[in-house]
Amino acid sequence: MKLGIYGGTFNPPHLGHLAAAQFALDALKLDQLEFVPAAAPPHKTLPEGGPSAEQRLEMVELAADGLLLPKKVSVSGMELHRPGKSYTADTLEQLQAANPEAELWLLMGTDMFLTLQNWREPEVITRLAGICTFARTQSDSGELLETQARYLQETFGARTCVLQLPHIVDVSSTQLRELLAQGKGQAYLSPAVYGYIIRQGLYGVHYDLKQLPDR
Ligand code: ATP
(Lines give C-alpha, C1' and ligand atoms only; values in the text may rest on other atoms or scores of the structure.)
Protein backbone atom coordinates (compact mmCIF):
# COMPACT_ATOMS: atom_id res chain seq x y z
CA MET A 1 0.00 0.00 0.00
CA LYS A 2 1.28 3.43 -0.99
CA LEU A 3 0.84 6.19 1.58
CA GLY A 4 1.42 9.85 0.70
CA ILE A 5 2.21 12.30 3.50
CA TYR A 6 1.65 16.01 3.01
CA GLY A 7 2.93 18.14 5.89
CA GLY A 8 2.77 21.88 6.40
CA THR A 9 1.46 24.60 8.63
CA PHE A 10 -1.66 25.11 6.51
CA ASN A 11 -2.26 28.60 7.89
CA PRO A 12 -4.67 28.53 6.08
CA PRO A 13 -4.85 25.56 3.65
CA HIS A 14 -5.33 26.97 0.14
CA LEU A 15 -6.08 25.75 -3.38
CA GLY A 16 -2.32 25.44 -4.09
CA HIS A 17 -2.08 22.74 -1.42
CA LEU A 18 -5.22 21.03 -2.69
CA ALA A 19 -4.31 21.07 -6.39
CA ALA A 20 -0.94 19.48 -5.62
CA ALA A 21 -2.49 16.89 -3.30
CA GLN A 22 -5.19 15.95 -5.79
CA PHE A 23 -2.71 15.53 -8.62
CA ALA A 24 -0.20 13.56 -6.50
CA LEU A 25 -2.94 11.20 -5.35
CA ASP A 26 -3.56 10.22 -8.93
CA ALA A 27 -0.05 10.53 -10.42
CA LEU A 28 1.61 8.46 -7.68
CA LYS A 29 -1.34 6.05 -7.51
CA LEU A 30 -1.54 6.54 -3.77
CA ASP A 31 -3.84 4.28 -1.77
CA GLN A 32 -4.04 6.91 0.94
CA LEU A 33 -2.98 10.53 1.30
CA GLU A 34 -2.51 11.88 4.80
CA PHE A 35 -2.29 15.60 5.54
CA VAL A 36 -0.19 16.17 8.66
CA PRO A 37 -0.51 19.73 9.99
CA ALA A 38 2.53 20.76 12.04
CA ALA A 39 2.11 21.89 15.63
CA ALA A 40 5.39 23.78 15.91
CA PRO A 41 7.30 23.74 12.62
CA PRO A 42 11.10 23.77 13.15
CA HIS A 43 11.74 26.14 10.23
CA LYS A 44 9.24 28.94 10.79
CA THR A 45 7.58 30.89 13.56
CA LEU A 46 3.82 31.03 13.29
CA PRO A 47 2.50 34.60 13.31
CA GLU A 48 0.98 35.66 16.63
CA GLY A 49 -2.76 36.01 16.98
CA GLY A 50 -3.42 33.45 14.24
CA PRO A 51 -5.55 30.33 14.46
CA SER A 52 -4.81 27.68 17.05
CA ALA A 53 -3.29 24.39 15.95
CA GLU A 54 -6.73 22.79 16.35
CA GLN A 55 -8.29 25.42 14.10
CA ARG A 56 -5.64 24.78 11.45
CA LEU A 57 -6.39 21.06 11.73
CA GLU A 58 -10.13 21.70 11.33
CA MET A 59 -9.49 23.84 8.25
CA VAL A 60 -7.39 21.06 6.69
CA GLU A 61 -10.19 18.58 7.43
CA LEU A 62 -12.70 20.81 5.67
CA ALA A 63 -10.36 21.34 2.72
CA ALA A 64 -9.59 17.63 2.41
CA ASP A 65 -13.31 16.81 2.39
CA GLY A 66 -13.64 18.68 -0.88
CA LEU A 67 -11.07 16.59 -2.75
CA LEU A 68 -12.07 13.91 -5.21
CA LEU A 69 -11.81 10.42 -3.70
CA PRO A 70 -12.27 11.75 -0.13
CA LYS A 71 -12.15 8.20 1.26
CA LYS A 72 -8.49 8.06 0.25
CA VAL A 73 -7.68 11.27 2.07
CA SER A 74 -7.21 11.70 5.81
CA VAL A 75 -5.90 14.31 8.20
CA SER A 76 -3.67 13.35 11.09
CA GLY A 77 -3.33 15.18 14.39
CA MET A 78 -0.20 13.19 15.26
CA GLU A 79 2.13 16.21 15.23
CA LEU A 80 -0.36 18.24 17.25
CA HIS A 81 -0.45 15.57 19.94
CA ARG A 82 3.32 15.27 20.15
CA PRO A 83 5.11 17.72 22.44
CA GLY A 84 7.89 19.93 21.10
CA LYS A 85 8.89 20.74 17.53
CA SER A 86 7.27 18.81 14.68
CA TYR A 87 10.17 16.95 13.13
CA THR A 88 9.36 15.04 9.95
CA ALA A 89 11.78 12.21 10.83
CA ASP A 90 9.74 11.52 14.00
CA THR A 91 6.48 11.64 12.04
CA LEU A 92 7.75 9.16 9.46
CA GLU A 93 9.05 6.80 12.15
CA GLN A 94 5.63 6.88 13.82
CA LEU A 95 3.82 6.32 10.51
CA GLN A 96 6.11 3.48 9.46
CA ALA A 97 5.64 1.76 12.84
CA ALA A 98 1.85 2.09 12.49
CA ASN A 99 1.88 0.89 8.84
CA PRO A 100 4.81 -1.55 8.54
CA GLU A 101 3.72 -2.69 5.05
CA ALA A 102 3.28 0.79 3.65
CA GLU A 103 5.51 2.48 1.10
CA LEU A 104 5.76 6.09 2.30
CA TRP A 105 5.96 9.08 -0.04
CA LEU A 106 6.57 12.53 1.35
CA LEU A 107 5.04 15.31 -0.76
CA MET A 108 6.47 18.82 -0.78
CA GLY A 109 6.73 21.98 -2.85
CA THR A 110 9.95 23.44 -4.25
CA ASP A 111 10.87 25.52 -1.20
CA MET A 112 10.88 22.49 1.10
CA PHE A 113 12.54 20.16 -1.43
CA LEU A 114 15.49 22.51 -2.00
CA THR A 115 16.33 22.61 1.70
CA LEU A 116 15.71 18.99 2.65
CA GLN A 117 19.39 18.33 3.41
CA ASN A 118 19.15 20.95 6.22
CA TRP A 119 16.22 19.28 7.98
CA ARG A 120 16.87 17.23 11.09
CA GLU A 121 17.99 13.68 10.18
CA PRO A 122 17.65 13.87 6.38
CA GLU A 123 19.15 10.37 6.19
CA VAL A 124 16.28 9.00 8.30
CA ILE A 125 13.70 10.89 6.24
CA THR A 126 15.08 9.62 2.94
CA ARG A 127 15.44 6.06 4.26
CA LEU A 128 11.83 5.94 5.42
CA ALA A 129 10.12 7.75 2.53
CA GLY A 130 10.43 8.56 -1.12
CA ILE A 131 10.41 12.30 -1.74
CA CYS A 132 7.99 13.68 -4.27
CA THR A 133 8.13 17.33 -5.25
CA PHE A 134 6.32 19.79 -7.50
CA ALA A 135 6.68 23.44 -8.51
CA ARG A 136 4.79 26.08 -6.49
CA THR A 137 5.05 28.87 -9.04
CA GLN A 138 5.50 29.05 -12.81
CA SER A 139 8.98 30.44 -12.24
CA ASP A 140 10.20 27.45 -10.17
CA SER A 141 12.83 25.88 -12.38
CA GLY A 142 12.26 22.24 -13.36
CA GLU A 143 16.00 21.96 -13.96
CA LEU A 144 16.72 23.06 -10.39
CA LEU A 145 14.32 20.42 -9.05
CA GLU A 146 16.01 17.72 -11.16
CA THR A 147 19.47 18.83 -9.98
CA GLN A 148 18.35 18.72 -6.35
CA ALA A 149 16.76 15.30 -6.93
CA ARG A 150 20.11 13.97 -8.22
CA TYR A 151 21.93 15.53 -5.25
CA LEU A 152 19.55 13.83 -2.78
CA GLN A 153 19.91 10.51 -4.62
CA GLU A 154 23.71 10.68 -4.57
CA THR A 155 24.06 11.99 -1.01
CA PHE A 156 21.37 10.04 0.82
CA GLY A 157 20.34 7.34 -1.64
CA ALA A 158 16.96 9.08 -1.75
CA ARG A 159 14.13 7.88 -3.96
CA THR A 160 12.73 10.98 -5.60
CA CYS A 161 10.06 11.99 -8.04
CA VAL A 162 9.38 15.35 -9.66
CA LEU A 163 5.73 15.88 -10.61
CA GLN A 164 4.67 18.32 -13.32
CA LEU A 165 1.47 19.83 -11.98
CA PRO A 166 -0.95 20.61 -14.81
CA HIS A 167 -2.29 23.55 -12.84
CA ILE A 168 -0.04 25.61 -10.59
CA VAL A 169 -1.85 27.81 -8.08
CA ASP A 170 0.67 30.52 -7.40
CA VAL A 171 -0.15 31.56 -3.85
CA SER A 172 1.32 31.14 -0.37
CA SER A 173 -0.51 31.17 2.93
CA THR A 174 1.43 34.32 3.83
CA GLN A 175 0.10 36.14 0.74
CA LEU A 176 -3.36 34.80 1.42
CA ARG A 177 -3.38 36.00 5.03
CA GLU A 178 -2.54 39.50 3.76
CA LEU A 179 -5.28 39.33 1.12
CA LEU A 180 -7.86 38.10 3.62
CA ALA A 181 -7.09 40.97 5.99
CA GLN A 182 -7.95 43.30 3.08
CA GLY A 183 -11.22 41.49 2.38
CA LYS A 184 -9.82 39.67 -0.67
CA GLY A 185 -8.34 36.26 -1.46
CA GLN A 186 -11.40 34.02 -1.08
CA ALA A 187 -10.84 32.66 -4.61
CA TYR A 188 -7.77 30.84 -3.28
CA LEU A 189 -9.78 28.97 -0.64
CA SER A 190 -12.21 26.10 -0.73
CA PRO A 191 -15.69 27.45 0.13
CA ALA A 192 -15.84 25.29 3.25
CA VAL A 193 -12.57 26.73 4.55
CA TYR A 194 -13.66 30.27 3.73
CA GLY A 195 -16.93 29.69 5.59
CA TYR A 196 -14.97 28.42 8.61
CA ILE A 197 -12.69 31.48 8.53
CA ILE A 198 -15.74 33.76 8.49
CA ARG A 199 -17.51 31.93 11.32
CA GLN A 200 -14.39 31.80 13.50
CA GLY A 201 -13.40 35.38 12.65
CA LEU A 202 -9.87 34.39 11.58
CA TYR A 203 -7.27 36.48 9.73
CA GLY A 204 -9.18 39.71 10.34
CA VAL A 205 -12.03 38.62 8.07
CA HIS A 206 -15.27 40.41 8.89
CA TYR A 207 -18.32 39.41 7.00
CA ASP A 208 -21.80 40.51 7.82
CA LEU A 209 -24.08 37.70 6.65
CA LYS A 210 -27.09 39.99 7.14
CA GLN A 211 -25.80 42.14 4.29
CA LEU A 212 -26.34 39.34 1.80
CA PRO A 213 -29.33 40.08 -0.47
CA ASP A 214 -32.41 37.87 -0.12
CA ARG A 215 -32.91 35.53 -3.01
P1 ATP B 1 3.45 30.20 4.56
O2 ATP B 1 3.31 31.22 3.48
O3 ATP B 1 2.61 30.47 5.79
O4 ATP B 1 4.90 29.92 4.90
P5 ATP B 1 2.91 28.05 2.65
O6 ATP B 1 1.95 28.63 1.64
O7 ATP B 1 4.33 27.89 2.25
O8 ATP B 1 2.80 28.84 4.03
P9 ATP B 1 2.75 25.51 4.03
O10 ATP B 1 1.55 25.05 4.77
O11 ATP B 1 3.91 25.87 4.82
O12 ATP B 1 2.25 26.69 3.05
O13 ATP B 1 3.15 24.46 2.92
C14 ATP B 1 2.98 23.09 3.07
C15 ATP B 1 3.48 22.40 1.83
O16 ATP B 1 2.74 22.84 0.70
C17 ATP B 1 4.96 22.69 1.50
O18 ATP B 1 5.54 21.50 0.99
C19 ATP B 1 4.86 23.73 0.41
O20 ATP B 1 5.98 23.71 -0.48
C21 ATP B 1 3.60 23.30 -0.32
N22 ATP B 1 2.92 24.42 -0.97
C23 ATP B 1 2.61 25.62 -0.44
N24 ATP B 1 2.00 26.41 -1.34
C25 ATP B 1 1.91 25.69 -2.48
C26 ATP B 1 1.37 25.97 -3.78
N27 ATP B 1 0.82 27.13 -4.10
N28 ATP B 1 1.43 24.98 -4.71
C29 ATP B 1 1.99 23.78 -4.41
N30 ATP B 1 2.53 23.48 -3.20
C31 ATP B 1 2.49 24.41 -2.25
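Biologist: How many bridges join strand β1 (residues 2–8) to β4?

Modeller: Strands of a sheet pair through backbone hydrogen bonds, either parallel or antiparallel. Here five bridges join β1 to β4, and the two run parallel. I5 stands opposite L106 in β4. Strands are DSSP E runs of at least two residues, helices H or I runs of at least four, numbered from the N terminus. This is a predicted model: local features need pLDDT of at least 70, side-chain atom pairs count only at pLDDT 80 or more, and totals for chains, interfaces and linings use all residues. Residues are numbered from 1 along each chain as its sequence is written.

Biologist: What is the order of the six strands in the open sheet?

Modeller: The order is β3-β2-β1-β4-β5-β6, with parallel pairing (at least two DSSP bridges between strands). β3 (73–75) and β6 (160–163) are the edge strands, each pairing on one side only.

Biologist: At what angle do the axes of α2 and α8 cross?

Modeller: Two packed helices are described by the angle between their axes and the distance between the axes. The axes of α2 (residues 53–65) and α8 (residues 191–200) come within 8 Å and cross at roughly 150° (lines fitted to C-alpha atoms over the stretch in contact; N-to-C angles, 0 to 180 degrees). So α2 is roughly antiparallel (over 145 degrees) to α8. On α2, the contact (C-beta atoms, placed from the backbone, within 7 Å) uses Q55, E58, M59, L62, A63 and D65. On α8, A192, V193, Y196 and Q200 take part.

Biologist: How many residues surround the ligand?

Modeller: 19 residues surround the ligand (C-beta, placed from the backbone, within 6 Å). The closest are G8, G16, G109, S173 and T174. Elements giving two or more residues to this shell are α1 (15–27), β4 (103–109), α4 (110–113) and α7 (173–181). The largest share, three residues, comes from α1.

Definitions and conventions: Parallel < 35°, antiparallel > 145°, perpendicular 65-115°, else oblique. Contact = placed C-beta atoms within 7 Å.
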